[in-house]
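Have a look at the model first, then try each task before reading its solution.

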Amino acid sequence: MSSMPKQTDVILIGAGVMSATLGVLLKELAPDMTIKVFEKLPSAGEESSNEWNNAGTGHAALCELNYTTENADGTIDISKAVKVNEQFQLSRQFWSHLVKENVLPNPEEFIMPIPHMSMVEGAENVEFLKKRLEALSVNPLFKGMEFSEDPEQLKQWIPLIMEGRTSPEPIAATKIDSGTDVNFGALTRILFTHLAGQGVEINYGHGVEDLTRVDGGWEVKVKNEQDNRIEHHTAKFLFIGGGGGSLPLLQKTGIPESKQIGGFPVSGLFLVCKNPDIAERHHAKVYGKAKVGAPPMSVPHLDTRYIDGQKSLLFGPFAGFSPKFLKTGSNLDLLASVKPNNVLTMLAAGAKEMGLTKYLIEQVLLSTEQRMNELREFIPNAKTEDWDVVVAGQRVQVIKDTPQGKGTLQFGTEVVSAADGSVAALLGASPGASTAVPVMLEVLEKCFPDQIDGWAAKIKEMIPSYGTSLVAHPDLFDEIHAETTETLKLTAAQPIH
């Protein structure tokens, strides 16, 4: 047992992209601030941030149909799409700043240009896609989006998807070339290497066991996994960025904001193409429309990915169920998260989400051939021997009481912080890592109210559109987008074979 707690300014729990982003922001804004990181696993970016555990989409609402909904009068609501796109622009700007500062000297190691496409079948869906394009095309953030229902044009855009297609149903797609594929695992590892060079103490193989409020901050009980030694550390500010593991740690804080919050874990599977000749014949991220009754995280998509310098092709996600909150977690995680203060919230969610439960059971019971048949809706000629199954990361969806009712299942990313700003936790999933920068800026605003005004000029220097609506300032958007495109080397054209 260690005796006296070791003191620091900031403790970051979890070595994922969120903690990495917050750590780099803090070091840029307050270089003298002392920071410690505790990660239970042996290296950074091994859970949700890992490149094989997420879709790698630079989520800017360019292709995700669930961010644009159809109103009862037939009009298209693009407000969520605009918000997500604005958020991603902040991430692009910060990454671009870090490239210029030589923190991310080779942007192609973590971000690559890739067209983003939406594809639909059926007359009703084609009409929806047309109306969606009309609604988005007047917005400067979505400039350059094309639409086609011409089979010959679609063969040029998505040859692998069009080959062997015999369905009489009309098919249409939109395409925009400013999309990206992001390797969040590589980005996380590079940022933590930088933080180590900035004097940040990064402790791998250290699991956080308990959190206790003390005068002036928090005491963190940490177990060194190598020798089972218990350590105690104190900090004025605590950030819980442990992916699915954040909820149990938030509950340990006992703050009022942690009450009446539950979590529902959803696991995922992808099919990955092991035939490089087939992978070379597709060059886009193509998102379809979720089946009726399916949750938002089940939107099927066929993705070109760049992992370890290699071009890959993934299809999914297929949902699954595991009671674990992390891939490396315990089968008791879900049960242990049920507390007296959230049991009614959890039960209400269970009663309301019978459709989701049924969907997950159906997904778990899918055979390999049934998964291949879903892939064949995208690639008619897909052969089973060309594809392998990869288990993706665990996502813990937030359950909380809202004006919409008790036990409402949330599908977004959410920051929960104490009233005094001494602790913040990140919960939820989509759009996840793409919004790391705006979400961590939100943490700074909530938890460092006395410093944020003094930091504003430096933040604007790193992220020029901070505090400004790009939609309302299209000239500024054009200027920033052109600059980040050049800095992040996102102009390279990739041929379709």
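**Exercise 1.** Which residues in α1 meet which residues in α13?

*Solution.* Before starting, note that this is a predicted model, where local features need pLDDT of at least 70, side-chain atom pairs count only at pLDDT 80 or more, and totals for chains, interfaces and linings use all residues. Residues are numbered from 1 along each chain as its sequence is written, and side-chain values use heavy atoms, with hydrogens and water left out.

Step 1: find the helices, α1 at residues 17–29 and α13 at residues 436–447. Helices (H or I, at least four residues) and strands (E, at least two) are DSSP runs, numbered from the N terminus.

Step 2: look for contacts, meaning heavy atoms within 4.5 Å. From α1 come Val-17, Met-18, Thr-21, Leu-22, Leu-25, Leu-26 and Leu-29, and they meet Ala-436, Val-437, Met-440, Leu-441, Val-443 and Leu-444 of α13.

Step 3: sort them by class. The contact of α1 with α13 has 12 nonpolar residues, one polar and no charged. Here Ala, Val, Leu, Ile, Met, Phe, Trp, Tyr, Cys and Pro count as nonpolar, Asp, Glu, Lys and Arg as charged, and the others, Gly among them, as polar.

**Exercise 2.** At what angle do α2 and α15 pack?

*Solution.* Step 1: take the axes, which are lines fitted to C-alpha atoms, for helices over the stretch in contact, with angles running from 0 to 180 degrees between N-to-C directions. For α2 and α15 (residues 474–487) the angle is about 50°, and the axes are 9 Å apart.

Step 1: name the arrangement. Under 35 degrees is roughly parallel, over 145 roughly antiparallel, 65 to 115 roughly perpendicular and the rest oblique, so α2 and α15 are oblique to each other.

Step 2: list who takes part. Among the residues in this contact are Gln-89, Arg-92 and Gln-93 of α2, and Phe-477, Ile-480 and His-481 of α15. By class, the contact of α2 with α15 holds three nonpolar, seven polar and three charged residues.

**Exercise 3.** Is Ala-61 buried or exposed, and what about Asn-102?

*Solution.* Ala-61 sits in the loop between β2 (35–39) and β3 (69–70), while Asn-102 is in the loop between α2 and β5 (111–113).

Step 1: check accessibility. Ala-61 is buried, at 0% relative accessible area, whereas Asn-102 is exposed, at 55%.

Step 2: turn to the backbone. Most residues other than glycine have a negative phi, and most peptide bonds are trans. Phi is positive in Ala-61, near 60°, and in Asn-102, near 70°. A cis peptide bond joins Gly-316 and Pro-317, with omega about -5°, and Pro-317 belongs to strand β17 (residues 310–320).

Notes. Buried < 20%, exposed > 50% of the residue type's maximum accessible area, 1.4 Å probe, protein only.
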